[in-house]
Amino acid sequence: MELHAAPYFLEFRHPFGISSGTRNRTPVVFTRLSCDGLCGYGEASMPPYTGETHESALAFLSAAGRIIKRFSDPLQTDALLDAVDAIAPGNSAAKAAIDIALHDLAGKVQRKPLYELFGTDPAAAPYTVYTIGIGDPALLEEKLQEALPYKILKIKLGSADDKRLVQLIRTYTDKPLVVDVNQGWDDSAFALDMIHWLSERHVLLVEQPLKKKMLDETARLTELSPLPVIADESVQRLEDIARISGAYSGINIKLMKCAGLREARKMIAAARGCGLKVLIGCMSETSCAATAAAHLSPLADWADLDGPLLIRKDYFTGIRFDEGRITLNDLPGTGALPAENLKF
């Protein structure tokens, strides 16, 4: 097998409260695994806070390419991914790009879509949330118009204006909300009061309300919370689940955090074993990675796979949304196909 990679940037359709320019762009590296005339496609999406860059991803993928050449069978998934994971710690998005491409290729070799190989039912896929960035309240009505087809909205909180923003949303729509605080509250008593207030305003869940280091405080908050409290920054990979179990109601699994589909499946099983709920999420991603994750969405309680909807240019086709419900095609592999002008 041969691995090829190329760097690109993704740009948000809206700035989500930050200035335009380089801070409104996310580095992404696309990968292609080739074997016997078939190609599998993968993606490493790396928002700046993850610490991964074009340079780090390409350096890791170069090292991985030398290992991948030793394998001739795409169905040696575990052996190949074990070898890639052992190259260096971290680099989870770069590892995810290889994992996604390998699963795509394996599905094509077997002429089956991933949901069939995984034993998931695409008809059971949930609705995705749709993120509303409230950087400029004057644009809120326009953003809500764009969100009309979607039944569940997501907003980011964690500022002094949290209540005002929720009240502003509620002047326009009564759709259920998912709230992502991104560790933005540092007082557990305040967080509990806010969650009680949010629970009266048709909010479904709260992601990462407290700093990830505040595990004991989060456990107490979760015990008293009327809403599910979901770990995001607090859980990256499989080994984190045992540590945070009991402190949260559920976990947000993202392929870019956990190094891909193989580990995401293990994390879902481990979470269920601990009595945790599952949100399948994404970074700022194209339909390449989001479609891969969508094959796991029937196993989740909620889905946040709106990444392709929030970028200016999607370099792949694949996942579709029927009034917000995740819809997969029946193509072999992930079902994501690159645009004709994507060069790598």
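Asp232 and Lys254 form a salt bridge, with the closest N and O atoms 3.2 Å apart. A salt bridge here is a side-chain nitrogen of Lys or Arg within 4 Å of a carboxyl oxygen of Asp or Glu. Asp232 lies in the loop between β8 (229-231) and α9 (240-244), and Lys254 in strand β9 (residues 250-254), so the pair ties together parts that are 22 residues apart in sequence. Helices (H or I, at least four residues) and strands (E, at least two) are DSSP runs, numbered from the N terminus. Asp232 is buried, at 4% relative accessibility. Lys254 is buried too, at 8%. Buried means under 20% relative accessible area, exposed over 50%, and partly exposed in between (1.4 Å probe, protein chains only).

The model is predicted: local features need pLDDT of at least 70, side-chain atom pairs count only at pLDDT 80 or more, and totals for chains, interfaces and linings use all residues. Residues are numbered from 1 along each chain as its sequence is written, and side-chain values use heavy atoms, with hydrogens and water left out.

**Salt bridges**

The whole structure holds 19 salt bridges. One of them joins the side chains of Arg262 and Asp78, at 3.2 Å from N to O. This pair links distant parts of the chain: Arg262 sits in helix α11 (residues 261-273) and Asp78 in helix α2 (residues 77-85), 184 residues apart. Arg262 counts as buried at 15% relative accessibility, while Asp78 counts as partly exposed at 46%. Glu200 and Arg201 form another salt bridge, with the closest N and O atoms 3.5 Å apart. Glu200 is exposed, at 62% relative accessibility. Arg201 is partly exposed, at 25%. A network of salt bridges links Lys154, Lys156, Asp180, Glu207 and Asp304.

**Aromatic rings**

There are nine aromatic pairs. Rings of Phe, Tyr and Trp (its six-membered ring) pair if their centres lie within 6.5 Å; planes under 30 degrees apart count as stacked, over 60 as edge-to-face and the rest as tilted. One cluster is made up of Tyr8, Phe30, Tyr41, Tyr315, Phe316 and Phe344.

Two Arg residues lie over ring faces, as tabulated. The rule asks for NZ of Lys or CZ of Arg within 6 Å of the ring centre and within 35 degrees of the ring normal.

| Charge | Ring | Distance from ring centre |
|---|---|---|
| Arg25 | Phe9 | 4.0 Å |
| Arg32 | Phe344 | 5.2 Å |

**Cavities and a pocket**

On a 1 Å grid over the protein atoms alone, a cavity is a set of points where a 1.4 Å probe fits but cannot get out; a pocket is an open set with protein on both sides within 12 Å along at least five of seven lines; lining residues have an atom within 4 Å of a point. Grid points are joined across faces, edges and corners, and a volume is the space filled by probe spheres set on the points.

There are two cavities of 30 Å³ or more.

Helices α3, α4 (114-118) and α11 each supply at least two residues of the pocket lining.
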